[in-house]
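Here is a short briefing for a first look. Keep the structure open beside the text.

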Number of protein chains: 2
Amino acid sequence: MLLNKNTLTGTELTGYAAGYRDELFDSVIPFWMNHSRDEVNGGFFTCLDRKGQVFNTDKYMWLQGREVWLFSMLCNKVSRKQEWLDMALHGAAFMEKHGRDAMGNWYFSLTQEGKPLIQPYNIFSDCFAAMAFAELYKATGKEEHREIALNTFRNILKRKNNPKGSYCKVYPGTRPLKNFSLPMILCNLSLIMEDLLGSEEVGRTIQPLIKEVMEVFYDRESGLILENVHPDGSLSDSFEGRLLNPGHSNESMWFMMDLAVRNNDPSLIQKSVDILLHTTEYGWDKQYGGIFYFLDLHGHPPQQLEWDQKLWWVHIETLIALAKGYRLTGRKECKEWFEVLHDYTWDHFRDPEYPEWFGYLNRRGEPLFELKGGKWKGCFHVPRGLYEVWEILSPNGIHKSMFQKDVKLTENI
Amino acid sequence: MLLNKNTLTGTELTGYAAGYRDELFDSVIPFWMNHSRDEVNGGFFTCLDRKGQVFNTDKYMWLQGREVWLFSMLCNKVSRKQEWLDMALHGAAFMEKHGRDAMGNWYFSLTQEGKPLIQPYNIFSDCFAAMAFAELYKATGKEEHREIALNTFRNILKRKNNPKGSYCKVYPGTRPLKNFSLPMILCNLSLIMEDLLGSEEVGRTIQPLIKEVMEVFYDRESGLILENVHPDGSLSDSFEGRLLNPGHSNESMWFMMDLAVRNNDPSLIQKSVDILLHTTEYGWDKQYGGIFYFLDLHGHPPQQLEWDQKLWWVHIETLIALAKGYRLTGRKECKEWFEVLHDYTWDHFRDPEYPEWFGYLNRRGEPLFELKGGKWKGCFHVPRGLYEVWEILSPNGIHKSMFQKDVKLTENI
């Protein structure tokens with residue numbers, strides 16, 4: 001069987017597409033265009049209150065990179081609008097000028113003027129910078145953007161076995177653990193960089209990553225993805241080893257489906273959907289609704305005091321995964337869960353009065369903060385999710401998000 | 001005016017003393033004696049569920065030191081019971097054997113067998129180790145305990161301007177901030193170490209610390225203590241600079257009152273009580289009761305997702321401060337707030353069914369976890385608070401906690 005847009009079997013749910021598109025272009029994108037640009041220093045403000053007012057001026061590299069990526073992606077996949085390209089270039093120029101240390105590592109945060117605040121201890125700053133410049137390169141074709149993306153990517157691969165470097169506080173040898181986040185992000189990043197790296201290198205890169213996610217971090221006994229495992233994939237009976245992050249796992253399952261489509265691997269799609277459905281059921285709060293942020297595999301209290309909160313990205317990433325899983329397999333549990341997640345997410349995270357969505361709810365689903373952006377919430381999960389679900393569910397849509405290679409760019413908004 | 005036990009002016013509230021004493025000796029101390037000793041490897045388990053069952057075996061240095069301190073303190077201030085001394089020695093032996101690196105810095109955590117897990121990046125591990133061995137030395141008179149306490153204390157002073165050392169992720173120079181925790185803890189630690197350091201050195205050490213707390217970290221405009229300030233004490237308009245931690249501030253105000261009694265400084269008592277009352281009023285959740293964990297000076301969303309939770313130590317430390325403030329000044333707001341805090345704390349944190357208290361409540365005052373001990377909650381704030389309030393409010397009590405020098409050890413339980 002060759003996977004392509006004609007093999008999409010889930011054909012219901014298409015009625016949802018327009019709502020996701022309208023929310024993206026009528027509410028969310030204007031919010032960031034109107035409020036996040038720092039016209040004085042360049043770059044983006046992301047700490048924005050309910051109405052878009054800046055309440056904190058520091059610039060976090062994760063979110064600078066993610067916003068550059070998002071606007072570049074809209075240029076590449078939706079429409080080559082000059083205002084979107086300008087937004088991407090505006091952020092990229094600030095990053096390029098201020099973002100890196102002498103070794104090419106990306107700082108974690110900068111002041112609004114671009115002075116370094118927090119050292120490059122966090123390799124995900126680099127991941128989102130590579131993602132940004134790779135996507136921007138596809139929009140601009142500029143060698144300078146390609147080079148930053150590639151150099152950053154190579155640097156990530158060099159650092160990947162000791163990503164925190166000298167900032168790592170773990171005593172060597174006693175309890176070696178590896179963390180799920182990096183292989184997970186690299187699955188997504190490698191696909192985004194395929195135009196730059198070439199198909200062969202991406203093929204070689206993703207094979208072991210798929211194995212990591214689906215075998216090493218996958219716990220057969222529970223059927224769940226663990227956040228931290230011993231180097232051989234076995235369980236560490238510790239806070240770190242028992243940690244579950246259902247949103248993380250669900251996000252990685254749609255990355256897996258993308259890789260499965262690329263590799264024409266229907267069995268990987270089925271396995272991803274199995275894990276997605278099991279994790280969603282497991283992580284769902286039967287009392288108040290929504291998916292928990294953190295759980296402990298053995299039901300013990302997790303370390304994280306925020307364990308019972310409901311976070312925007314957890315729910316949006318799960319919606320993407322369920323929509324993808326449904327379109328690719330037609331399984332009715334995907335459709336049913338999509339409807340449950342859709343209702344919860346739109347009822348609780350969407351702000352009925354002002355643009356963009358709330359990020360943090362307490363267990364009962366009430367906003368914990370009214371902010372629309374902060375240190376960790378920027379122009380990323382909400383618009384990416386709205387874009388993805390719109391594309392995936394479009395009845396006659398071109399499904400760019402799933403079958404990029406099949407389609408040509410068209411003006412379709 | 002010479003401050004001494006005869007100058008205590010607040011004479012109501014004495015009816016509360018017995019309840020605190022009974023809870024300490026009938027519920028809390030037996031809980032830790034029965035459940036926290038690791039008979040195989042030495043040291044203490046602290047991750048204990050509602051009934052005292054161990055759910056995680058790692059050993060956190062903060063809590064090893066604090067439990068050693070607590071049992072030593074009971075020996076020194078309440079009664080020289082062999083079983084308490086044995087508990088203290090049991091923990092101290094494990095710490096002494098496994099707790100330090102080659103430079104004498106204390107690890108943050110160990111496995112149950114005592115292998116290092118997390119490097120000595122956290123200077124409070126050292127503070128609580130010094131506190132433990134200083135108090136233990138007062139109980140044993142052993143040179144070995146005295147030496148560990150003194151060496152650790154000297155090492156803290158050496159490290160105090162760069163406490164995280166190479167683990168510090170702040171880029172030097174851009175936004176230098178100093179943090180309130182260390183001067184605050186040193187105020188308390190210096191008093192505990194007075195027998196070892198001598199009165200003159202303690203006098204010299206605490207003078208600048210009192211100034212730090214009451215002038216540098218004190219924000220005149222708001223009348224509140226800030227968690228992080230510029231080196232000159234001015235406000236940094238950033239997440240860190242706007243951060244308020246009312247429980248921390250209230251805890252430090254009773255340390256100030258202890259120093260004021262030592263220094264015979266009634267004006268420091270009045271100023272401490274002013275800040276205490278204002279902070280308690282400011283930090284009180286008018287909707288659901290209890291004191292917030294974190295707030296932002298300008299009312300913005302703090303970084304901490306757990307900002308609205310109600311934590312055991314915040315409430316217990318506030319009770320100590322209010323009881324002390326009341327006894328020392330007779331101010332009726334102290335009495336009134338003590339009654340409010342007492343009712344909230346006993347109604348929400350005390351477990352009516354099993355020994356020891358809950359640690360973490362959500363904003364509404366419902367337990368977020370059922371645990372009695374964890375990575376940060378050990379045998380410390382609850383029993384120290386019960387002891388302090390019992391002593392402070394005892395009608396014919398000996399007020400050892402306030403006027404240590406005046407009293408001789410007696411068997412009084």
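The model is predicted. It scores ipTM 0.94 and pTM 0.95.

**Helices α1 and α2 of chain B**

- Helix α1(B) covers residues 17–35, and helix α2(B) covers residues 61–77.
- Their axes come within 12 Å and cross at roughly 130°.
- α1(B) and α2(B) are therefore oblique to each other.
- The crossing of α1(B) past α2(B) is left-handed.
- From α1(B), the contact uses Phe25(B), Ile29(B), Trp32(B) and Met33(B).
- From α2(B), Glu67(B), Leu70(B), Phe71(B) and Leu74(B) meet them.
- By class, the residues of this α1(B)–α2(B) contact are 7 nonpolar, no polar and 1 charged.

**Helices α9 and α11 of chain B**

- Helix α9(B) spans residues 246–263, and helix α11(B) spans residues 312–329.
- They pack at an angle of about 35°, with axes 8 Å apart.
- α9(B) also passes its partner, α11(B), in a left-handed crossing.
- On the α9(B) side, the contact residues include Gly247(B), His248(B), Trp254(B), Met257(B) and Val261(B).
- On the α11(B) side, they include Trp313(B), Glu317(B), Ile320(B), Lys324(B) and Leu328(B).
- The contact of α9(B) with α11(B) has 8 nonpolar, 5 polar and 4 charged residues.

**How the two chains relate**

- Chain A superposes on chain B by a rotation of 180° with 0.0 Å of shift along the axis, at an RMSD of 0.0 Å.
- That is the relation of a two-fold axis.
- Within chain A, the C-alpha nearest the axis belongs to Tyr167(A), 2.5 Å from it.
- Of the interface residues of chain A, 100% are also interface residues in chain B, so the copies meet through the same surface.

**Confidence in chain A**

- The pLDDT of chain A averages 94.
- In chain A, 94% of the residues score at least 70.
- Residues 405–413 of chain A stay under 50 in pLDDT.
- For that stretch of chain A, the model has 26 contacts beyond four places in sequence.

Definitions and conventions. Residues numbered from 1 in each chain as written. Chains lettered and ligands numbered in written order. Predicted model: local features only at pLDDT ≥ 70, side-chain atom pairs only at ≥ 80, totals over all residues. Heavy atoms only, no water. Axes fitted to C-alpha atoms, helices over the stretch in contact; angles between N-to-C directions. Helix = DSSP H or I, 4+ residues; strand = E, 2+ residues; numbered from the N terminus. Parallel < 35°, antiparallel > 145°, perpendicular 65-115°, else oblique. Left-handed = near helix turned anticlockwise from the far one by under 90°. Contact = heavy atoms within 4.5 Å. Nonpolar A, V, L, I, M, F, W, Y, C, P; charged D, E, K, R; others polar. Least-squares fit on C-alpha atoms with pLDDT ≥ 70 in both. pLDDT = per-residue confidence, 0-100.
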